[in-house]
Amino acid sequence: MRYLPHTDVDVQQMLDRIGVSEIDTLFSGIPEECRLKRPLDLNGAKSESETLIFLQELAEKNSPASSWDTFLGGGAYNHFIPAVIDHLISRSEFYTAYTPYQPEISQGTLQAIFEFQTLICQLTGMDVANASMYDGASACAEAVLLTVRAARKRKKVLLSQALPPQYRETVATYCRYLDIELADISLQDGVTNQADLQSLLDDQVAAVVVGYPNYFGQIEDLATIAELTHAAGARLVAAVPEPLALALFKSPGEAGADIVVGEGQSFGIPLSYGGPGIGFFAVRKKDMRVLPGRLVGETTDKDGKRGFVLTLATREQHIRREKATSNICSNQGMCILMVSIYLALHGKQGLRQLAEINYAKAAYAKEKIAQLDGFSVTFSGESFNEFVVTCPEPVAALKKRLEQQGLLAGISLGRDYSELEDGLLICVTEQNSRKQIDRLVHALAGGKG
Amino acid sequence: MDFPKDLKYTEEHEWVLVEDDIVTIGVTDFAQDQLGDIVFVELPEVGDTLEEGDTFGVVESVKAVSDVYAPVSGEVVEINEALPDEPEALNNSPYDEGWMIKMKLTDSGALADLMDVAAYQAFVEKD
Amino acid sequence: MMNTESRGLVLDENLLFEQSQPGRVGYSLTGLDVPSATPDSRLVREEITDFPELSEVDVVRHYTRLSTWNYGVDSGFYPLGSCTMKYNPKINEAVARLPGFAHIHPQTPEALNQGALELMYNLQQDLGEISGFPAITLQPAAGAQGEFAGMLMIRAWHEANGQKRHKVIIPDTAHGTNPASSALCGYDVITVASDGILSKEAVAAVMDDDVAALMVTNPNTLGLFEADIREICELVHQHGGLVYSDGANLNAMMGISRPGDIGIDVMHFNLHKTFSTPHGGGGPGSGPVGVVDKLIPFLPVPYVVREDNSYKLEYNCPQTIGRLKSFYGHFGILVRAYSYILSMGGEGLKRASELAVLNANYIRARLEGEYDLPNKQRSLHEVVFSEDALQNDCHTLDVAKRLIDYGYHPPTIYFPLVVHGALMIEPTETESKQTLDEFCDALLAIAEESKNNPELLKQAPVRAKVQRLDETAAARKPKLRWERV
């Protein structure tokens, strides 16, 4: 086997040195009754070319975004990925390294994480960001836990129904056996119902969680929600499933959010069937010491030279064990690099321009579909990339009809929102040409080809 | 290692200075030495009421963390505001600039359970 | 003899923000082919202050230079105990980048992504065969999330049986994630001391009807197989509890012993350890979980099932613990792990475990004597020394830092906590005898230096990008982002 370097001579010399005659003796600490008495029932080893062919055949049974006109979003976004990213993350000094526990030989990873933390702070308008979480949904769940921990006696958390369903379900899983009460804030015209929020807020509420943009692509009035939330002494968590919106719309930090979490997949990470992505997590200074996850800080060595280290580790599981702020011990290292490289390439101007292009394309699609007989745009406010359309025919049938024309039209909302049984969530990005959008509009109207 | 004679001590390595019904509390020289460079101190708020044995604060070094317990019952009347910004005071001056909180006693009975300097020194050596 | 004289080109590299030049760009966007549109100006933000402005060349050079300050498995030997830093095969990277895997959207109709679902199904089956569990979830994003999922299932099972149990027993050798994951499920943690391995008596002393589960790592973090595991599992089961196994050390026993056969009820895998997927400077990992039959109703949703030769995502599980994250798991990592299993085959996996154990025992044989070995039992895939044989006030940290000067990544240090100044070495099977010999020569030379020239250890490393960094200052006045002065 090409990954196993031992020759027969090596093995013999090693056994001699250890002082046993066969490898099996080394396993004598495993009692007989704990042994597997047969070979593993797996296929035999494949050669490198066989492995490649076998997996290529599986890959060809799938439908990559490049081979379809796709308008799917819903928490995973089809954006262009510059070639630079894969080139740089393929440097094995990055991808074959471990968590940077030994800072003297991990300055590359550590500086990259420090820069990532800074980029996330700038984008979200916050003071401190950690070195990432698994994804947006689990980051959102950890944010909820933080607010309850920090508020001490408050045990209630209000979740906007417009928060992505996957985020809401993940929050519920994380809170399942903790003493936390979750309550829903209803919808009004595709955004969080402020009157309902006001009526639910009391001195037991630790946090209010809203999507920005929310699941329907709508831009919430975060500033007003922040005011209401703070008046009740609670924290506002803004969860951002599509962070490109933050290059165009006011940052959650500016609007008054206390915690900003989200999913960074939009920034240079392949769709990869929904994972891995990356969760980002940013807070105000006051919550710095109750953050979950890794943190990198700047310091100096004894010659006064700048360097970076993992810091504030006493929050974490390897020191505080059952009292830790979280059980997490990874960061999404490779995805940190993808996001940082993407943001560094696009920079101040490029990211804004790209957001404007996405906004304009979606606005064009929205306007064209609104003009179709029987179709309407469901909600009235501003949206980014995604918007909901009310359809004149059953959504499942409509999607199937378009699928036969090579179009993945969007996501049905009926499963998660019974009142939106005829709603279709359509996502338009810079990857969708005007021609594709026109084709979608034509096909929705009943046209063929 | 410094063990001032006018103080009382606990098995959790806190020192207690008793002045009428006001007690001042900090961690001992031995405790700070065990923890190493202290990087963070968390204190309660003035007005908090503590029962004997309650956790009232946290002391952290780079790689260790330690809760600090109230040796007596009472109300927090003053905290060392400078400490969160200058945690190194706990290392450099544990009995003076490194004091943590002052409490007004509600029950002086618990004071009798505290160790005097000789008992604490013996306790540390045994530990 | 070791060469400690050579050193690489070490250049300084400013932060992205410090290199930024107004007006410089590193992108080219396709022009707008629809009418331009702008949102309500009251909602629009100002430009992002101090966001970088760099050319493509700037960015490429920046990250290329950063990479040269890192040390990966491809740079050299990486004996980080408990982390299984084996070689990351390149074919895995290539197949994960196939467009049919890398660019498929998770909301695509299942019928259009049958290849992805088939891959996941096959991987579930293979992991089940390797571990002896009838069902596997691939959803957990990392080992710690796998632990969380497993403990949630244990609690859900107890509650479905009308039991409110509050306690989880964890040996003192456990990873910190074990107690942290238990606490996330609302459990109180009972720590038990183990003398190398966990004894049935130690468990019996704390076992009662309020204990939901015992969490063990097997082989444990000392590299020792828990020899009494069958009896311990029986004992826990007799009291109505379940046994969770942390699968961090599965690399010692593939094809040799299966947790599902010996009484374990739940176990997580670390695909980034045992199944060769890259650690990536901290992630992304992947932490699938295997369970026994009675826990299947509680698996997170969705998972993949086969029906009439096609594959689908199963959501209809009324007793599920719910979902742990968006979508279906770290699919890109699953592809790499499956590629590894295909390349190794059943026999190859067993051989990998055998050679991992051979390598660790060889290092043990070469260093025992010069380095103190507190636990003398037959150890498997890793070996843990203490600092007690070091001289002249040299400590484990000093040995670790000195190894950097010899060109190695240090082992795991100060873990497990039960060993004084632990130096935990896990070589893995992908290292040759020659590599191990050179590494052992280095450690023996360092032991010699600690006797004759301890300053070499105290000052180390002197050949890295930076010398020892001031971690106290970093924690006292945290500076966690760049800001314009």
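Which side chains meet in a salt bridge at 2.7 Å, N to O? They are those of Lys61(A) and Glu118(C). This pair crosses between chains, from the loop between helix H2 (48–60) and strand S1 (69–70) of chain A to helix H5 (residues 114–131) of chain C. Helices (H or I, at least four residues) and strands (E, at least two) are DSSP runs, numbered from the N terminus. A salt bridge is defined as a side-chain nitrogen of Lys or Arg within 4 Å of a carboxyl oxygen of Asp or Glu.

The model is predicted: local features need pLDDT of at least 70, side-chain atom pairs count only at pLDDT 80 or more, and totals for chains, interfaces and linings use all residues. Residues are numbered from 1 along each chain as its sequence is written, chains are lettered from A and ligands numbered from 1 in the order in which they are written, and side-chain values use heavy atoms, with hydrogens and water left out.

**Interfaces of chain C**

Between chain C and chain A, 206 residues of chain C are in contact (heavy atoms within 4.5 Å) with 181 residues of chain A. For chain C and chain B, the contact takes 5 residues from chain C and 9 residues from chain B. The table gives the buried area, that is, the accessible area (1.4 Å probe) that two parts lose on being put together, summed over both.

| Chains | Buried area | Part on carbon and sulfur atoms | Salt bridges |
|---|---|---|---|
| C and A | about 16,900 Å² | 62% | 11 salt bridges |
| C and B | about 580 Å² | 45% | 2 salt bridges |

Another salt bridge joins the side chains of Arg323(C) and Glu169(A) (2.8 Å, N to O). Over all chains, the whole structure holds 59 salt bridges.

**Backbone features**

Most residues other than glycine have a negative phi, and most peptide bonds are trans. In chain C, the peptide bond from Asn218(C) to Pro219(C) is cis, with omega near -5°. Pro219(C) is placed in the loop between strand S4 (211–217) and helix H9 (229–238) of chain C. Phe415(C) and Pro416(C) are also joined by a cis peptide bond, with omega about 0°. In chain A, Arg152(A) has a positive phi, near 60°.
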